[in-house]
Amino acid sequence: DEMSYIFFDDVQQIAKKLQIAPDELYKMLALFNRMGIVIYLPATEKLRSIVTIDPSWMIDAVSKIIRDENLHMFKNEGLDEVGLESDGENLFQNALASRDLVEYLWGIEETEVILDLLRETLLISDWPFKDPSQKNESYYLVPSLLHIGMVENSHASSSVCVFDFSENFFAIWS
């Protein structure tokens with residue numbers, strides 16, 4: 001099985017053996033990142049700790065959560081075999097991904113790195129609310145899976161704020 005990423009400490013060791021100065025290493029990684037050869041994102045400690053040497057691995061990982069349910073259902077993931085079928089349904093019905101689901105889809109070792117990437121790019125956020133019907137675990141909101149019907153059919157007991165970006169992406173004032 002090919003490696004999809006390597007730890008930054010290992011990259012530093014290789015650079016040191018090749019007599020590449022640290023500032024040159026950062027420039028090289030930035031260039032390779034812009035070219036799409038690697039993914040190196042120094043925004044957080046976890047993201048800084050790895051260099052993705054197979055960018056398609058990261059894209060595949062992200063697309064396991066951010067997907068169109070009508071085009072890409074969880075048919076081949078075996079969710080029912082591991083007791084996560086309801087978690088898959090919850091992802092598409094409520095835009096909430098359970099910790100168990102993301103660990104199953106991504107692998108336990110890679111989960112924190114991928115979550116950091118998605119948090120940093122605002123593609124996922126921690127869901128701090130607990131629902132008695134949900135298991136006692138962490139959940140993540142996937143905003144791109146939210147749809148208008150969710151707000152209209154909501155049984156929320158508190159106020160709901162809806163931002164409508166159908167006309168413009170951001171409010172524009174003159």
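Predicted model: local features only at pLDDT ≥ 70, side-chain atom pairs only at ≥ 80, totals over all residues.
Local features here need pLDDT of at least 70 and side-chain atom pairs count only at pLDDT 80 or more, while totals for chains, interfaces and linings use all residues. Residues are numbered from 1 along each chain as its sequence is written, and side-chain values use heavy atoms, with hydrogens and water left out.

**View 1. Helix H4 meets helix H7.** Here we look at H4 (residues 55-63) and H7 (residues 108-120), whose axes come within 11 Å and cross at roughly 80 degrees. Helices (H or I, at least four residues) and strands (E, at least two) are DSSP runs, numbered from the N terminus. Axes are lines fitted to C-alpha atoms, for helices over the stretch in contact, with angles running from 0 to 180 degrees between N-to-C directions. The pair is therefore roughly perpendicular (65 to 115 degrees). On the H4 side sit Trp57, Met58, Ala61 and Val62, facing Glu110, Ile114, Leu117 and Leu118 of H7; contact means heavy atoms within 4.5 Å. By class, that makes seven nonpolar residues, no polar ones and one charged. Ala, Val, Leu, Ile, Met, Phe, Trp, Tyr, Cys and Pro count as nonpolar, Asp, Glu, Lys and Arg as charged, and the others, Gly among them, as polar.

**View 2. Helix H6 crosses H7.** The axes of H6 and H7 come within 8 Å and cross at roughly 110 degrees, so these two helices are also roughly perpendicular. H6 brings Arg99, Val102, Glu103 and Trp106, and among the H7 partners are Ile108, Thr111, Ile114 and Leu118. This contact splits into six nonpolar, one polar and four charged residues.

**View 3. Inside the largest nonpolar core.** A nonpolar core is a set of buried Ala, Val, Leu, Ile, Met, Phe, Trp, Tyr and Cys residues joined through side-chain atoms within 4.5 Å, where buried means under 20% relative accessible area (1.4 Å probe, protein chains only). H7 gives the largest share, five residues. Leaving aside neighbours within four places in sequence, Ile65 is in contact with residues including Leu91, Val102, Trp106 and Val142.

**View 4. Leu146 in its loop.** Leu146 lies between strand S5 and helix H8 (148-152). At 42% relative accessibility, Leu146 counts as partly exposed (between 20% and 50%). Beyond its neighbours within four places in sequence, Leu146 is in contact with Asn94, Ala95 and Leu141.

Note on methods: Parallel < 35°, antiparallel > 145°, perpendicular 65-115°, else oblique.
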